[in-house]
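Dear colleague,

Please find below the structure that I am handing over to you.

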Amino acid sequence: IVMLLAANFSIASAAEKSSQETGDLTLSVLSETAFTGMQLSVKKAVQDGKAKASMYECISALKSSSFISVYEPFFTQQFTTEEQMHTEEFFSAVVGKKYAKHGVLQIYAATCFPAPEPLPTFSPEEMGALEAFSQTTAGGKLMVKRIMQSPAINSAVQSKIGELLSSCRK
């Protein structure tokens, strides 16, 4: 299960700071992607007879924010405050929301499940906005260099998955 998740990830604070400074939305996007990958991998394992249905039920009862604590230290180390604000602005915009949804929905295909809705399509203007964001330092780190999918982060995500699976075995 954990190895399947690693392959699927090629596609996510002080209280005084605003959410744009802390990266709350960006962290939620990253966490939802990891959570969806874990959830669908467990569902696939149940279908293949490698896990019990109770495991899937337990995992499904968890929150999609379960991985925020994993991504947050990497995000705050790798992105300046200004870059964090840029990622928040991007994911707050229509094109950023579509980009995030596209990433989550691609996990369904990677785990051989039908997506609950069609992949979003991008207009020429939205493609231009994606390209423009990818050329910023924040977008370059997130979309081009994919630093939030580094081996260190993937290892931390896999550890969290192990922890969550263990909690569901009890």
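The model is predicted, so local features need pLDDT of at least 70 and side-chain atom pairs count only at pLDDT 80 or more, while totals for chains, interfaces and linings use all residues. Residues are numbered from 1 along each chain as its sequence is written, and side-chain values use heavy atoms, with hydrogens and water left out.

Aromatic pairs

Rings of Phe, Tyr and Trp (its six-membered ring) are taken as a pair if their centres lie within 6.5 Å; planes under 30 degrees apart count as stacked, over 60 as edge-to-face, and the rest as tilted. Under this rule there are four aromatic pairs. Phe90 and Phe91 form an edge-to-face pair, because their ring centres are 5.0 Å apart and their planes stand at 65°. Phe90 also pairs with Phe133, and here the rings are stacked, with 4.0 Å centre to centre and 0° between the planes. This pair joins distant parts of the chain: Phe90 belongs to helix α6 (residues 81-92) and Phe133 to helix α8 (residues 124-134), 43 residues apart. Helices are DSSP runs (H or I, at least four residues), numbered from the N terminus.

Relative accessible area (1.4 Å probe, protein chains only) is described as buried under 20%, exposed over 50%, and partly exposed in between. Phe90 is buried at 5%, Phe91 is buried at 4%, and Phe133 is buried at 8%. Ring pairs connect Phe90, Phe91, Tyr99 and Phe133 into a cluster.

Charge over a ring

Lys141 sits over the face of Phe79, 5.4 Å from the ring centre. The criterion is that NZ of Lys or CZ of Arg is within 6 Å of the ring centre and within 35 degrees of the ring normal.

Backbone angles

Most residues other than glycine have a negative phi. Cys112, which is not a glycine, has a positive phi of about 65°. Cys112 lies in the loop between α7 (94-110) and α8, and is exposed, with a relative accessibility of 61%. Arg146 likewise has a positive phi, near 50°. Arg146 is found in the loop between α9 (137-144) and α10 (151-169), where the residue is partly exposed at 35%.

With kind regards

Methods
Helices (H or I, at least four residues) and strands (E, at least two) are DSSP runs, numbered from the N terminus.
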